[in-house]
Amino acid sequence: MKADMKTMRVTLNDETIEVDEQTTVATLLEQRGFPEKGIAVAVDWSVLPRSRWDTTLTDGARIEVVTAVQGG
């Protein structure tokens with residue numbers, strides 16, 4: 001992160017991490033290596049549809065990412 005950028009803390013799957021204050025859900029997922037498909041995202045306990053992944057995170061946000069698995 002650049003020195004002049006402000007950061008904030010968010011929790012991603014029970015891990016507290018520091019991100020740039022302009023980070024969106026989509027950017028966070030990309031930075032952390034999550035696949036583009038086959039995942040569900042909740043922010044502060046509410047499921048966030050893919051159409052809203054451009055939402056900017058807030059300080060203290062809790063993000064849960066669940067990967068879909070197939071099986072029988």
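Mentor: Let's take the sheet, then the salt bridges, then some single residues.

Trainee: What kind of model is this, and what goes into the values?

Mentor: This is a predicted model, where local features need pLDDT of at least 70 and side-chain atom pairs count only at pLDDT 80 or more, while totals for chains, interfaces and linings use all residues. Residues are numbered from 1 along each chain as its sequence is written, and side-chain values use heavy atoms, with hydrogens and water left out.

Trainee: OK, the sheet. What's the strand order?

Mentor: The order is β2-β1-β5-β3-β4, an open sheet of five strands with mixed pairing. Strands here are DSSP runs of E with at least two residues, helices are runs of H or I with at least four, and both are numbered from the N terminus. Two strands pair if DSSP finds at least two bridges between them.

Trainee: And which strands stand at the edges?

Mentor: β2 and β4 (46–47) do. Each has a single partner strand, so one side of each is left without a neighbour in the sheet.

Trainee: In what sense do β1 and β2 pair, and over how many bridges?

Mentor: Antiparallel, over six bridges. Within that pair, threonine 11 stands opposite threonine 16 in β2. The two strands form a hairpin with two residues between them, and asparagine 13 in the turn has a positive phi of about 50 degrees.

Trainee: How about β3 and β5, how many bridges there?

Mentor: Five, again in the antiparallel sense. Valine 41 is opposite valine 65 in β5.

Trainee: Switching topic: how many salt bridges does a search of the whole structure find?

Mentor: Four. The criterion is a side-chain nitrogen of Lys or Arg within 4 Å of a carboxyl oxygen of Asp or Glu. One of them joins arginine 62 and aspartate 14 at 2.4 Å, N to O. That pair links distant parts of the chain, with arginine 62 in strand β5 (residues 62–67) and aspartate 14 in the loop between β1 and β2, 48 residues apart.

Trainee: What else does arginine 62 form a salt bridge with?

Mentor: Glutamate 64, with the closest N and O atoms 3.5 Å apart. Through shared partners, Asp14, Arg62 and Glu64 are joined into one network.

Trainee: Is aspartate 14 buried or exposed?

Mentor: Exposed, at 59% relative accessibility. The cut-offs are under 20% relative accessible area for buried, over 50% for exposed and partly exposed in between, using a 1.4 Å probe and protein chains only. Arginine 62 is partly exposed at 22%, and glutamate 64 is partly exposed at 23%.

Trainee: Which residue meets arginine 32 in a salt bridge?

Mentor: Glutamate 15, at 3.3 Å, N to O. Arginine 32 lies in the loop between α1 and β3 (39–43) and glutamate 15 in strand β2, so the pair ties together parts that are 17 residues apart in sequence. Arginine 32 counts as partly exposed at 39%, and glutamate 15 counts as partly exposed at 41%.

Trainee: Now threonine 23. Where is it?

Mentor: Threonine 23 sits in the loop between β2 (15–20) and α1 (25–31). This threonine is buried, with a relative accessible area of 3%.

Trainee: What does its side chain reach?

Mentor: The backbone oxygen of aspartate 20, at 2.7 Å. Leaving aside neighbours within four places in sequence, threonine 23 is in contact (heavy atoms within 4.5 Å) with Leu28, Thr55, Thr56 and Leu57.

Trainee: And lysine 6, buried or exposed?

Mentor: Exposed, with a relative accessible area of 57%. Lysine 6 is in the segment before β1 (7–12). Not counting residues up to four places away in sequence, lysine 6 touches Val19, Asp20 and Glu21.

Trainee: What about valine 19, buried or exposed?

Mentor: Valine 19, in strand β2, is buried at 2% relative accessible area. Valine 19 and aspartate 59 are 40 residues apart in sequence and 9.1 Å apart in space, C-alpha to C-alpha.

Trainee: Last one: what's the phi of aspartate 44?

Mentor: Positive, about 50 degrees, although aspartate 44 is not a glycine. Tryptophan 45 has a positive phi too, of about 75 degrees, and is not a glycine either. Aspartate 44 is in the loop between β3 and β4, and tryptophan 45 lies in the loop between β3 and β4 as well. Aspartate 44 is partly exposed at 37%, whereas tryptophan 45 is exposed at 67%.

How values were computed. A polar contact is a pair of N or O atoms within 3.5 Å; within protein, one must be able to donate a hydrogen and the other to accept it, and residues adjacent in sequence count only if both atoms are side-chain atoms.
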